[in-house]
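Biologist: I would like a close look at a single part of this model. Please take me through it step by step, in short sentences.

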Amino acid sequence: MKKELPECPVETTLMLISERWKVLIIRDLLDGTKRFGELKKSIGNISQKVLTANLRAMEDSGLLTRNPEVPPKVEYTLTETGYSLKPILDAMKEWGVVYQENNAK
């Protein structure tokens with residue numbers, strides 16, 4: 001069953017990545033598969049509960065896959081849809097660099 005999505009494509013994109021944590025999760029997973037602890041450490045000031053909730057939402061949206069393994073560990077990998085967000089994150093990075101250069105104290 002298909003999801004009900006907003007008519008506006010920009011709104012759809014924001015719906016998927018609007019939370020700052022999701023963008024940071026995607027940033028980290030662009031380098032490859034990561035375990036939960038690696039993501040938590042890399043992202044920094046995020047609680048386990050919030051990270052778990054964001055990862056589940058991103059999995060439900062088809063942006064990443066959750067790969068449980070034995071012995072118990074879970075790894076996360078971006079899907080093709082998740083990787084397709086790379087140009088958006090690259091543009092955000094470029095814009096941020098210019099902004100920092102022009103507005104540094």
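Predicted model: local features only at pLDDT ≥ 70, side-chain atom pairs only at ≥ 80, totals over all residues.

Does Glu75 count as buried or exposed, and at what relative accessibility?

Modeller: Glu75 has a relative accessibility of 18%. Buried means under 20%, so Glu75 counts as buried.

Now for its place. Glu75 is found in strand E3. This strand covers residues 73-78. Its partner E2 runs over residues 64-69. E2 and E3 pair in the antiparallel sense, over six bridges. Three residues lie between the two strands, and together E2 and E3 form a hairpin.

What does Glu75 touch? Leave aside its neighbours within four places in sequence. Then Glu75 is in contact with Thr65, Arg66, Asn67 and Glu69, and also with Thr33, Lys34 and Arg35. Thr65, Arg66, Asn67 and Glu69 fall within the range of E2, residues 64-69.

In general, strands of a sheet pair through backbone hydrogen bonds. In a regular strand, side chains alternate between the two faces of the sheet.

Next, follow the chain past the end of E3. Thr79 sits in the loop between strand E3 and helix H5 (80-83). Thr79 is buried too, with a relative accessible area of 17%. Leaving aside neighbours within four places in sequence, Thr79 is in contact with Gly62, Leu63, Leu64 and Thr65.

Finally, a look at two helices. Helix H2 (residues 20-29) and helix H4 (residues 48-60) pack at an angle of about 75°, with axes 10 Å apart. H2 and H4 are therefore roughly perpendicular to each other. H2 brings Trp21, Lys22, Ile25 and Ile26 to the contact. H4 brings Val50, Leu51, Asn54, Leu55, Ala57 and Met58. By class, this contact has eight nonpolar residues, one polar and one charged.

Key:
Residues numbered from 1 in each chain as written. Heavy atoms only, no water. Axes fitted to C-alpha atoms, helices over the stretch in contact; angles between N-to-C directions. Helix = DSSP H or I, 4+ residues; strand = E, 2+ residues; numbered from the N terminus. Parallel < 35°, antiparallel > 145°, perpendicular 65-115°, else oblique. Contact = heavy atoms within 4.5 Å. Nonpolar A, V, L, I, M, F, W, Y, C, P; charged D, E, K, R; others polar. Buried < 20%, exposed > 50% of the residue type's maximum accessible area, 1.4 Å probe, protein only. Pairing = 2+ DSSP bridges.
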